[in-house]
Amino acid sequence: MKTDLTDTTASKINKALVLGRRAIGTPAIGMVLTLVIVTDEENAYDALKAASDAAHEHPSRTLVVIKRVSRSPRDRTKSRLDAEVRLGADAGTGETVVLRLYGDVVDHAQSVVLPLLLPDAPVVVWWPVNAPLDPAGDPLGALAQRRVTDTYACEEPIRELAARAEAYAPGDTDLSWTRITPWRSMLAAALDQVDCQVQSVEVEGEEYNPSCELLAMWLADRLDVPVQRTASEGPGLTAVRMDTDCGPVVLDRADGSLATLSIKGQPSRAVALKRRETAELIAEELRRLDPDDTYASALRYGVNRLNAPGTPAKGDSGDGDGAVAVPAPVETAAKAPAKEAAREKAPVKKAAAK
């Protein structure tokens, strides 16, 4: 069932939702959360399709906020809200409201969204593209327990990672981090099979793929060893090589689908490590709404330290102000520095998966 409302209000949209549920014979609300998607017309279809697929696992009320750009000064002075309400077969297992904002109301999207949130249910805000530098400080982001961005969709993803580290707040996450969950799980499982100390690591992948940087920062943060970040033609992450005191451990995925895990003294084995669709990534993020401390720790390690040999160890910014420097694009491998000896921390040999 689909209902179009032109020049409407939040109260009329709520009334249309109630009438629609009665018309299709489901007056009760069975959704577990509210998913707010902030996007533009170009990316709205793909984002909504991914959210609809994820709703099979997490029934939710999906609010798609599309801020329309007015073409003339006269149009910018006219505020208008158009809505498209979808229920039943048109919305999958949940409810969908597509909101198109015009004029001055574009700057007050939170006032439109707030009355449409499900009562006593978590709120997740997702920016498929053009996310704010400070998601928690955004008016819409302030309504949410979980804020999802995607640095892979940015023009300068590495610079964006540095900005995310400066503005991080509990509840922030990124789909570039979600993409490496299978890699982190597989690497942790591989290290569980050997009784060795990791001495150095090399992460190989596309030059401008932030997932590669995040995986390298996670390994450097958790293992406390030098990490090299090298560029390849992709697709995505292509290999992780760990040198240990009892031989190399290599996870190599050249085709973006099937990987080979090699451990010295054991036969090589093929493991499924395919690149996942956006719907799978969103579904994974909706499974947990608590702060992701592992992501926060990896992000704060500092992307600049992967490309700038000689930077101070973790916990020491070097310049005393805690600023995060922005690295140049990855062209050659660069080792992250070792930790300060004074920390007297025992070497870590196993990485913890998310």
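Which residues have the most contacts inside the largest nonpolar core? They are V201, V203, L215, L219, V240 and M242, in a core of 44 residues. The model is predicted, so local features need pLDDT of at least 70 and side-chain atom pairs count only at pLDDT 80 or more, while totals for chains, interfaces and linings use all residues. Residues are numbered from 1 along each chain as its sequence is written, and side-chain values use heavy atoms, with hydrogens and water left out.

**Overall make-up**

- The chain holds 10 helices and 14 strands; these are DSSP runs numbered from the N terminus, with helices being H or I of at least four residues and strands E of at least two.
- Of its 354 residues, 50% count as buried, where buried means under 20% relative accessible area, exposed over 50%, and partly exposed in between (1.4 Å probe, protein chains only).
- Among contacts with a separation of 6 or more, 72% are between residues 24 or more positions apart; contact means heavy atoms within 4.5 Å.

**Nonpolar cores**

- A nonpolar core is a set of buried Ala, Val, Leu, Ile, Met, Phe, Trp, Tyr and Cys residues joined through side-chain atoms within 4.5 Å.
- In soluble globular proteins, nonpolar side chains tend to be buried together.
- In the largest core, with its 44 residues, at least two residues come from each of α5 (157-167), α7 (181-192), β9 (198-206), α8 (210-223), β11 (237-244), β12 (247-252), β13 (258-263) and α10 (293-301).
- Helix α8 gives the most to this core, with 9 residues.
- A second, separate core has 29 residues, including L87, L99, V105 and L140.

**Around V201 and S200**

- Leaving aside neighbours within four places in sequence, V201 is in contact with L219, L223, V225, P226, V227, Q228, V240, R241 and M242.
- S200 lies in strand β9 and is buried, with a relative accessible area of 19%.
- Not counting residues up to four places away in sequence, S200 touches V225, P226, R241, M242 and D243.

**The 8-stranded sheet**

- An open sheet of 8 strands runs in the order β1-β4-β5-β3-β2-β6-β7-β8, with mixed pairing; two strands pair if DSSP finds at least two bridges between them.
- Its edge strands, β1 (2-5) and β8 (172-174), each pair on one side only.
- From one strand to the next, the twist averages 15° (axes are lines fitted to C-alpha atoms, for helices over the stretch in contact, and angles run from 0 to 180 degrees between N-to-C directions).
- Strands β2 (residues 33-39) and β6 (residues 123-126) run parallel and are joined by 4 bridges.
- I37 stands opposite W126 in β6.

**Aromatic pairs**

- The whole structure has 2 aromatic pairs; rings of Phe, Tyr and Trp (its six-membered ring) pair if their centres lie within 6.5 Å, and planes under 30 degrees apart count as stacked, over 60 as edge-to-face and the rest as tilted.
- The Y168 and Y295 rings have centres 6.1 Å apart and planes at 65°, so this pair is edge-to-face.
- Y168 is in the loop between α5 and β8 and Y295 is in helix α10, so the pair ties together parts 127 residues apart in sequence.
- The W177 and Y295 rings have centres 5.5 Å apart and planes at 55°, so this pair is tilted.
- W177 is in helix α6 (residues 175-178) and Y295 in helix α10, so the pair ties together parts 118 residues apart in sequence.
- Y168 and Y295 are buried, and W177 is buried too.
- Ring pairs link Y168, W177 and Y295 into a cluster.
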